[in-house]
Amino acid sequence: MGRAGTGTGGEAVAAVVAGPLLLLLLARPPPASARDSGKSGSPSLTEVQGAGWTREKVLPFQEVGLVSEHFSQAPQRLSFYSWYGSARLFRFRVPPDTVLLRWLLQVSREGGTACTDAEITVHFRSGAPPVINPLGTSFPDDTSVQPSFQVRVPLSAAPLSNASVNVSHPAPGDWFVAAHLPPSSQKIELKGLAPTCAYVFQPDLLVTRVVEISVMEPDVPLPHTLLSHPSYLKVFVPDYTRELLLELRDCVSSGSLGCPVRLTVGPVTLPSNFQKVLNCTSAPWPCRLLLPSPPWDRWLQVTAESLVGPLGTVTFSAVAALTACRPQSVTIQPLLQSSQNQSFNASTGLPSLSPDHQYLGRSGSVDRSPFCLTNYPVMREDMDVVSVHFQLLDRVSVRVCPNTPSMMRLRLNTGMDSGGSLTISLRANKTEMRNETVIVACVNAASPFLGFNSSLNCTTAFFQGYPLSLSAWSLRANLIIPYPETDNWYLSLQLMCPENAEECEQAVVHVETTLYLVPCLNDCGPYGQCLLLRRHSYLYAGCSCKAGWRGWSCTDNSTAQTVAQQRAAALLLTLSNLMFLAPITVSVQRFFLVEASVYAYTMFFSTFYHACDQPGEAVLCILNYDTLQYCDFLGSGAAIWVTILCMARLKAVLKYVLFLLGTLVIAMSLQLDRRGIWNMLGPCLFAFVIMASMWTYRCGHRRQCYPTSWQRWAFYLLPGISMASVGVAIYTSMMTSDNYYYTHSIWHVLLAGSAALLLPPPDEHAEPWACSQKFPCHYQICKNDREELYTVT
C-alpha cells in the first residue's frame with residue numbers, strides 16, 4: 001500500500017575518425033545569416049526535424065586541415081518530468097580546436113498502440129548540466145539562473161524521429177545534453193496493469209576539428225594569405241592579462257577595395273554567448289578588436305573568413321597585443337621562511353605585502369607599473385562529494401580599497417564541481433562603512449572583472465558576470481549559482497563613492513566572505529530530499545520535493561500543503577487502518593486464528609509505514625522506511641490471499657499449506673519487483689480459481705447453489721464483493737498525487753470491510769478441535785466434525 005522510486009541508466013562513449021564522406025558533411029562554415037547578425041556573434045544553430053536527415057550544401061573537399069570524429073552514447077529511456085532526476089543527462093567531451101559540432105538526436109518509441117503523440121525537450125549547455133525549469137517554479141532568493149538553450153523534437157505517427165543541432169566554434173571541454181518528456185500527470189500508475197510506451201533517446205556527436213592552425217605570438221605580426229575557405233588562428237592568453245588587442249595590418253585584396261575580412265573571436269557557449277564578430281570591410285583602418293579581461297590561461301581561437309568570393313585572395317598581418325596586469329599578492333614564501341626561522345606567529349598568520357613589493361615578470365626585469373589588483377590566496381578544502389569549502393589562506397576578511405580591486409580565485413576546474421550549487425555570501429564591517437561608500441563585487445568565470453572605474457556591468461570579454469553590492473544600509477549580499485561552469489571562478493571587489501570620489505581615497509573596508517560549493521542549497525529544506533545522481537563517473541545533485549512543495553530547492557510553496565493538511569493526511573492514512581479491527585474480531589470469534597494474525601500484521605505495518613511515509617513534520621518511523629514499505633506490501637498481499645482461501649473452505653492441512661506457500665511466493669515476487677501489480681494480482685487470481693473450483697464442486701455435489709443461504713448472499717457476499725470491487729477500482733485507476741491521502745484511506749477501509757464480510761461462518765456442528773477427554777492419559781481418538789478429520793493424540 002505504498003509507492004517506490006526510480007533509477008537512472010549508464011552510458012558508453014566511443015570515438016572514431018570518420019571518412020571523407022563525413023568530412024564533406026561537416027566541413028562547412030556557419031550560415032551567413034548567423035554570421036552577419038551583429039558584433040556580438042550568436043551560435044550557428046540549425047534544427048532539422050522529421051523522419052530522416054536533410055541534405056545540406058557543403059564546401060568542396062579542399063579543407064584538408066579538418067578532421068572529423070564521432071562520439072556516441074548508449075540510449076536511455078525518457079521519463080515524464082517531475083523533478084530534475086526525471087531528465088536524462090548525457091556528457092560529451094569536446095576536444096580543443098573544434099570548429100563545428102553537430103548533434104544527431106534520435107528518438108524512438110517502443111509500445112505500439114499504447115504510444116501517443118509527445119514532444120521531447122532537449123537542453124544544451126557548455127561546462128555544466130543545464131538548469132531547467134519545465135514546471136515554471138520559482139527559484140530560491142538570490143539565485144541567478146540563465147534560461148537554458150533547448151530544442152523540441154515532436155513525436156507523431158512515425159516510430160522514429162530525428163533532429164540535428166549545429167554549433168559553430170564551440171568551447172572545448174564538457175558539453176551536457178539533458179532530455180525529458182513533458183511534465184508528468186498526477187495520476188499514480190501501477191506498473192504492469194496497462195500497456196506502456198517507452199520513449200528512447202540517443203544523441204550522437206559529430207565533431208569537426210582543425211589540425212592546421214597558425215599560432216600568433218604576442219606583438220609579432222603574422223603574415224597570412226586568406227583564400228576562399230576560412231583560416232584558423234589562435235593566441236595563448238596567460239594569467240593576469242588585462243586586455244587583448246587584435247589588429248589586422250597591411251591588408252591587400254585582389255578582388256575588392258578595403259579589407260574584406262571577417263574575424264570571429266572566441267568560442268560559443270550555451271545558453272549565453274559572447275562571441276565577437278568583427279567585419280573589417282567597413283571598420284576604420286587599421287581593423288582592431290579590444291577584449292577586456294580575456295579568459296586566462298587558455299588558447300583563444302580566431303577564425304578569419306574572406307568576403308571577396310571564391311576566386312579572390314586577401315593578404316594581411318595579424319597582431320595580438322597583450323596588456324599585462326601587475327598583481328599585488330600574498331604568497332607562501334614568507335610563511336616558509338618564517339617556519340624555517342621558527343619565528344612565525346600562528347595567531348596572526350601571514351603578513352600582507354606592502355604596496356612597494358616588487359613583482360618580477362617572466363623576463364626577470366622589475367615591473368614598476370601600478371598594481372591592477374590585489375590577489376588574496378584562497379585554500380580549497382574538499383568536504384565531500386560535490387562539496388567544497390573555500391577560505392582565505394591567512395585571514396578571515398578581505399581588505400577592500402578604492403584604488404585597486406581585491407580578487408579571489410575559486411578553483412572549480414576539476415570536472416566534478418559543476419554538479420552542485422556555488423554559494424557566495426559577503427558581509428561588510430558595519431563600523432567601517434560610511435553612508436556615501438558602496439562596495440561593488442563581481443563574480444566571473446575564466447577571468448576577473450577589473451574595470452570598476454569605467455563600468456559596473458561585470459562583463460568580461462566572453463562572460464557576463466554576477467554583480468553584488470554592499471552599502472551602509474545593506475551590509476550583506478548573497479549569490480547562488482546552480483551548476484557553475486567547470487572553470488576558475490573569480491570574486492573581485494572594489495570600494496566606490498558614486499557621489500564624491502574624494503571621500504573614498506583613504507577609506508578601507510574589511511569584508512568577510514563565505515564561499516561554499518554544496519550539492520543542494522540548505523539540503524533541500526524540510527520538505528525535500530537531496531539526492532546524488534550519477535552518469536557513470538560524473539555526479540550531480542538534485543532536490544526531490546514532497547508535501548506539495550516544488551522548485552529547484554523545494555522553496556516554491558504555491559501548491560504546498562499546510563501543517564494542518566499534513567497532519568490530517570497522516571491521520572487519515574494511519575487511523576483508517578483501524579478498520580482491520582473488524583476482520584480481526586470476526587476471525588477470532590469464528591476461530592480463524594491464522595487469518596486474524598495476518599490481519600493484525602497488515603494493520604500494524606500499514607499504520608506505521610504510512611506514518612513514516614508522510615512528508616514534512618507529521619512523520620514517525622519505528623523502522624527504516626524500506627523495511628516498513630516491504631512489510632506493508634507483504635501484509636496487503638497476504639491478507640487478500642488468506643481471505644480468498646478461507647472462503648474456499650478447504651481442509652485444514654491443505655489450507656495452511658497453501659497459506660504458507662502463497663505467502664512465500666508473494667514475498668519472493670515483492671523482492672523481485674515491489675511495484676509490479678502482477679506480483680500481488682497473480683497469487684490472488686490463483687486463490688480465486690481455487691475458491692471458484694471448490695464452490696463449483698460443492699454446487700454439483702449437493703445439487704444446489706453454494707452457499708445455500710440467501711441471507712448469506714444478500715447481507716455478506718454481495719456487499720463484500722461490491723466493497724472489494726470498488727476498492728480495486730480506486731486503487732488501480734483513481735489515485736493521483738493530489739487525492740492520494742483520501743483515496744488510499746478509502747482503500748484501507750474497503751479492503752478491511754470486505755474481508756470482514758467475506759469470511760465464512762463457523763461450523764455449527766461442534767466446537768472446533770473438541771476432544772472427548774481434555775487431559776487424556778493414553779491415546780484417544782479426537783474428532784473434528786468441522787473438518788471431518790480424525791487424528792491420534
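## Disulfides

The torsion about the S-S bond of Cys 524 and Cys 543 is about -85 degrees, so this disulfide is left-handed. The two cysteines lie in distant parts of the chain, 19 residues apart: Cys 524 in the loop between strand S35 (509-518) and strand S36 (528-535), and Cys 543 in strand S37 (residues 538-545). Their sulfur atoms are 1.9 Å apart in this predicted model. Cys 524 is buried at 0% relative accessibility, and Cys 543 is buried at 8%.

The structure holds 8 disulfides. Another of them joins Cys 325 to Cys 372, with an S to S distance of 1.3 Å. Its torsion is about 60 degrees, so the link is right-handed. A disulfide also joins Cys 251 to Cys 259, and that link is right-handed, with 85 degrees about the S-S bond.

Cys 699 is partly exposed, with a relative accessible area of 25%.

## An open sheet

Four strands form an open sheet in the order S14-S21-S16-S19, with antiparallel pairing. Strands S14 (222-226) and S19 (287-292) stand at the edges with a single partner strand each, so one side of each has no neighbour in the sheet. From one strand to the next, the twist averages 20 degrees.

S14 is joined to S21 (residues 314-324) by 5 bridges. Leu 226 stands opposite Val 314 in S21.

## Two packed helices

Helix H6 (residues 593-612) packs against helix H7 (residues 625-647) at an angle of about 150 degrees, with the axes 8 Å apart. The two are therefore roughly antiparallel. Their contact residues divide into 15 nonpolar, 7 polar and 2 charged.

Conventions
Residues are numbered from 1 along each chain as its sequence is written. This is a predicted model: local features need pLDDT of at least 70, side-chain atom pairs count only at pLDDT 80 or more; totals for chains, interfaces and linings use all residues. Side-chain values use heavy atoms; hydrogens and water are left out. Two strands pair if DSSP finds at least two bridges between them. Axes are lines fitted to C-alpha atoms, for helices over the stretch in contact, and angles run from 0 to 180 degrees between N-to-C directions. Angles under 35 degrees count as roughly parallel, over 145 as roughly antiparallel, 65 to 115 as roughly perpendicular and the rest as oblique. Ala, Val, Leu, Ile, Met, Phe, Trp, Tyr, Cys and Pro count as nonpolar, Asp, Glu, Lys and Arg as charged, and the others, Gly among them, as polar. A disulfide is a pair of cysteine sulfur atoms within 2.5 Å. Buried means under 20% relative accessible area, exposed over 50%, partly exposed in between (1.4 Å probe, protein chains only).
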